[in-house]
Amino acid sequence: DHRADFQKFLFTMPVKYSAVVGSRYITCLIFAVVSYIGSMSAAFFVSLASDSYKFSVLASIVSVVAAVFVVYAAMVLLLMYILGGSRADLVQIIPFVAIGVVVYAIFVRKMLSMDDAQLDALMANFRGMLDKVKSTTTNYGVICLFVALIILGLSYLLSVNVMSCKKGRKL
């Protein structure tokens, strides 16, 4: 949209700002729901194939990860309306670069220097963390998704407000 300068054209059309903004948010929600269903299906089949992974634990993990991505999408969509498309593209890359640097600095370099006994101990610690997750309630993932959807809704309202404020300005 921003490469084709669609925003200038859009302001000349008799379309409500809430419909324009809403179309992007609905598209985001559709992709999120399809991804969530696919991930839950994969979690279900993994739980069937493995005795060590229970579906409730995997479903909770999938729900928390989905909530993180919904919040990230809400942030990116809001920044797109505040900063414009080209600048928002740069902003949305920053978290991925930061995560990549941290993962490499902490885990990859450390794991490459480990011998087999140390790697086995690391995997045992990881299994211990999974056991702790099993002891938490499965409602945690649902709560995270609910909060993420509220954040997405607030992001939508702010985006509509930003879009309506930009009506009088040149883009």
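## Cysteines and overall build

The count of disulfides here, taking a disulfide as a pair of cysteine sulfur atoms within 2.5 Å, comes to 0. Keep in mind that this is a predicted model, where local features need pLDDT of at least 70, side-chain atom pairs count only at pLDDT 80 or more, and totals for chains, interfaces and linings use all residues. Residues are numbered from 1 along each chain as its sequence is written, and side-chain values use heavy atoms, with hydrogens and water left out.

The chain has 6 helices and 0 strands, so the pattern from the N terminus on reads α-α-α-α-α-α, because helices (H or I, at least four residues) and strands (E, at least two) are DSSP runs, numbered from the N terminus. Of the 171 residues, 26% are buried. Here buried means under 20% relative accessible area, exposed means over 50%, and partly exposed is in between (1.4 Å probe, protein chains only).

Here's how a few residues sit on that scale:

| Residue | Relative accessible area | Class |
|---|---|---|
| Cys28 | 17% | buried |
| Cys165 | 55% | exposed |
| Ile151 | 33% | partly exposed |
| Lys166 | 11% | buried |

Lys166 belongs to the segment after H6. Along the sequence Lys166 is 85 residues from Tyr81, yet their C-alpha atoms are 9.2 Å apart in space. For the chain as a whole, take contacts (heavy atoms within 4.5 Å): among those between residues at least 6 apart in sequence, 74% join residues at least 24 apart.

## Inside

What about the nonpolar cores? A core is a set of buried Ala, Val, Leu, Ile, Met, Phe, Trp, Tyr and Cys residues joined through side-chain atoms within 4.5 Å. The largest one has 19 residues, and Val21, Tyr25, Ala67, Tyr81, Leu152 and Met163 touch the most other members. Helix H2 (17-49), helix H3 (55-83) and helix H6 (139-165) each give two or more residues to this core, and H3 gives the most, with 8 residues. There's also a second, separate core of 5 residues, including Met40, Ala43, Leu58 and Ala59.

## Outside

The chain exposes about 11900 Å², with carbon and sulfur atoms supplying 71% of it; such areas come from the Shrake-Rupley method with a 1.4 Å probe, and for residues, only the protein chains shown count as cover.

In soluble globular proteins, nonpolar side chains tend to be buried together. Still, there is a nonpolar surface patch of about 710 Å², made by Val71, Ile143, Phe146, Val147, Ile150, Ile151, Leu154 and Leu157. Patch members have over 30% relative accessible area and no salt bridge, and nonpolar side chains (Val, Leu, Ile, Met, Phe, Trp, Tyr) are joined within 5 Å, like charges within 9 Å. A salt bridge is a side-chain nitrogen of Lys or Arg within 4 Å of a carboxyl oxygen of Asp or Glu. H6 supplies the largest share of the patch, 7 residues.
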